[in-house]
Amino acid sequence: MAFPRRKAAGAWPYWALAFLFVVTMATAACEFASPGQPSGAADRSRWGTPAVFTPAHATAGDAIKSFFDSRPDTVAQPFDFSHQIHLSKGAVCTDCHTGVEQGPRAGLPNVNTCMICHSQIATDRPLIQQLTKMQEQGLDLNWNRVYDYQPQAHVRFNHAPHIRAKVACSTCHGNQAEQTVARRAVNMTMSFCVNCHKEKQASNDCLTCHY
């Protein structure tokens with residue numbers, strides 16, 4: 001009588017590895033929805049990240065994207081803001097990102113910030129009239145983040161010290177004068193940050209960025 005041969009250890013078929021991976025990711029997604037997990041209702045940190053860290057993901061798709069660090073270069077925005085036009089007219093980054101020299105977050109302009117200029121400039125343009133109507137109705141712009149780090153990286157990027165060190169905005173955000181709606185032009189990996197810190201003779205201690 002012939003018995004089936006046992007596979008040698010370490011010779012897992014690809015389908016088994018794929019199944020194990022999917023189960024792991026699904027488990028992480030389920031854990032997110034289970035009782036006792038953070039609800040997300042807690043106040044966010046001053047960096048805009050959740051106040052409570054969890055390695056779980058909302059969906060299996062999110063978990064897979066996180067595992068492979070897959071991020072889109074373009075992000076849909078509620079308004080077609082053109083960096084190219086504004087910078088060509090003499091505007092500078094700090095006109096709209098007013099917090100960039102003061103703390104961790106650069107800040108994204110709200111409707112009132114836009115209307116400081118556009119209550120007088122280009123008032124006949126359809127997009128500006130759209131902004132005017134939003135301000136009259138008390139509505140605001142819900143911008144979507146273009147740059148971010150995976151939560152498990154525990155990275156806290158603080159804009160102000162980088163500006164004080166004369167790091168140009170284009171170093172991390174690409175040349176905005178060539179972009180309309182902002183897109184992810186620079187892949188800020190750990191090696192990217194570490195090399196820049198070496199060049200600027202800034203600390204590469206882990207706690208400088210991971211805390």
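At the start of helix α5, a side-chain oxygen of N110 comes to within 3.1 Å of the backbone nitrogen of N112, a polar contact in the sense of a pair of N or O atoms within 3.5 Å, one able to donate a hydrogen and the other to accept it, with residues adjacent in sequence counted only if both atoms are side-chain atoms. The model is predicted, so that local features need pLDDT of at least 70 and side-chain atom pairs count only at pLDDT 80 or more, while totals for chains, interfaces and linings use all residues. Residues are numbered from 1 along each chain as its sequence is written, and side-chain values use heavy atoms, with hydrogens and water left out.

Helix α5 spans residues 111-118, and within this helix V111, C114, M115 and H118 are buried (under 20% relative accessible area with a 1.4 Å probe, protein chains only). These residues lie on the same side of α5, because they cover an arc of only 95° around the axis, taken from the directions from the helix axis to the C-beta atoms. The buried residues of α5 pack against α3 (83-88) and α6 (126-136).

The largest nonpolar core has 10 residues in all, among them V111, C114, M115, I128 and W143; such a core is a set of buried Ala, Val, Leu, Ile, Met, Phe, Trp, Tyr and Cys residues joined through side-chain atoms within 4.5 Å. Helices α5 and α6 each supply at least two residues of this core. A second, separate core of 7 residues includes V75, V146, Y147 and V186.

Q77 lies in the loop between α2 (60-67) and α3, and its side chain reaches the backbone nitrogen of N144 at 2.8 Å. Leaving aside residues up to four places away in sequence, Q77 touches W143, N144, V146 and V181, where contact means heavy atoms within 4.5 Å.

Taken as a whole, the protein has 10 helices and 0 strands, assigned as DSSP runs (H or I, at least four residues, for helices; E, at least two, for strands) and numbered from the N terminus. Of its 211 residues, 24% count as buried, and among contacts between residues at least 6 apart in sequence, 66% join residues at least 24 apart. The mean pLDDT, the predictor's confidence in each residue from 0 to 100, is 83, and 79% of the residues reach 70 or more. Over residues 33-40, however, the pLDDT is below 50, and this stretch has 4 contacts in the model beyond near neighbours in sequence.

Terms used. Buried < 20%, exposed > 50% of the residue type's maximum accessible area, 1.4 Å probe, protein only.
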